[in-house]
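Work through the exercises below with the sequence and the model at hand. Each task is followed by a solution in steps.

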Amino acid sequence: EWPAEAAVPGVWAKLLAAAAAGLDAAHRAGLPHGRLTADSFVLTPDGTVKLTGVGEPPWLTTGPAADPTPEADLRALGAVAFGWAQLGGAAKKRGRGKGFPESLLAVVRRLEADPDTPMGDTAGGAVPYRSAGELADDLARLSAAFPCPPDAWDHLVRHAAENATDSGGDVRRSA
């Protein structure tokens, strides 16, 4: 579990950009994830976002696999991104925060957009991202408007370091 700082717009954009870069690298290598959840991302004590579970055979993991396509991964990433944006909800309810910026919510809408409308006869709302690379490019553009505050990022990284598990499953530095 990440603290509310993950929902600070600049921190959220930095996290999502790193997640998109990892997903883009996997997709370019021909490896859709198929089981993408918030648990698929690890923030290392040095501030690196790692994507786990890429290329794992179905028999190694539990539960049914989702449709293993890049498009399905992007839709699943939309749910993860929405969850990260909601982490700041407690501060907002106490009246200390503002709502999440509309331009960043538009990113979530595009991630979760269905290219095929349910009835097939009406135009969809948001146009889905074609790739994780396109998402990363969009987030790079948005980062100018939402720079990552160093203090919030440092708090998030410190939280990750303090809550790192020593289960023997150390994340490799190379991938």
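Trp12 is buried, at a relative accessible area of 0%; buried stands for under 20%, exposed for over 50% and partly exposed for the range in between, with a 1.4 Å probe and protein chains only. The model is predicted, so local features need pLDDT of at least 70 and side-chain atom pairs pLDDT 80 or more, while totals for chains, interfaces and linings use all residues. Residues are numbered from 1 along each chain as its sequence is written, and side-chain values use heavy atoms, without hydrogens and water.

**Exercise 1.** Describe the aromatic pair that Trp12 forms with Phe100.

Solution. Start with the rule: rings of Phe, Tyr and Trp (its six-membered ring) pair if their centres lie within 6.5 Å, and planes under 30 degrees apart are stacked, over 60 edge-to-face, the rest tilted. By this rule there are three aromatic pairs. In the pair of Trp12 and Phe100, the centres are 5.1 Å apart and the planes stand at 80°, which makes the pair edge-to-face. Helices here are DSSP runs (H or I, at least four residues), as are strands (E, at least two), numbered from the N terminus. Finally, Phe100 is buried too, with a relative accessible area of 19%.

**Exercise 2.** Which residues touch the most other members of the largest nonpolar core, and which elements supply it?

Solution. A nonpolar core is a set of buried Ala, Val, Leu, Ile, Met, Phe, Trp, Tyr and Cys residues joined through side-chain atoms within 4.5 Å. The largest one has 36 residues, and Trp12 and Leu77 touch the most other members. H1, S1, H2 (70-86), H4 (102-112), H5 (132-143) and H6 each supply at least two residues. H1 gives the most, with eight. Beyond four places in sequence, Leu77 is in contact (heavy atoms within 4.5 Å) with residues including Leu16, Phe41 and Leu135.

**Exercise 3.** Where do the buried residues of H6 lie, and what do they pack against?

Solution. List the buried residues of H6 (150-162): Ala152, Trp153, Leu156, Val157 and Ala160. They cover an arc of only 130° around the axis, taken from the directions from the helix axis to the C-beta atoms, which puts them on the same side of H6. Their packing partners are helix H1 (9-28) and strand S1 (41-43). The face turned away from this side carries the exposed residues Pro150, Asp151 and Glu162.

Definitions and conventions:
Expected span 1.5 Å × (residues − 1).
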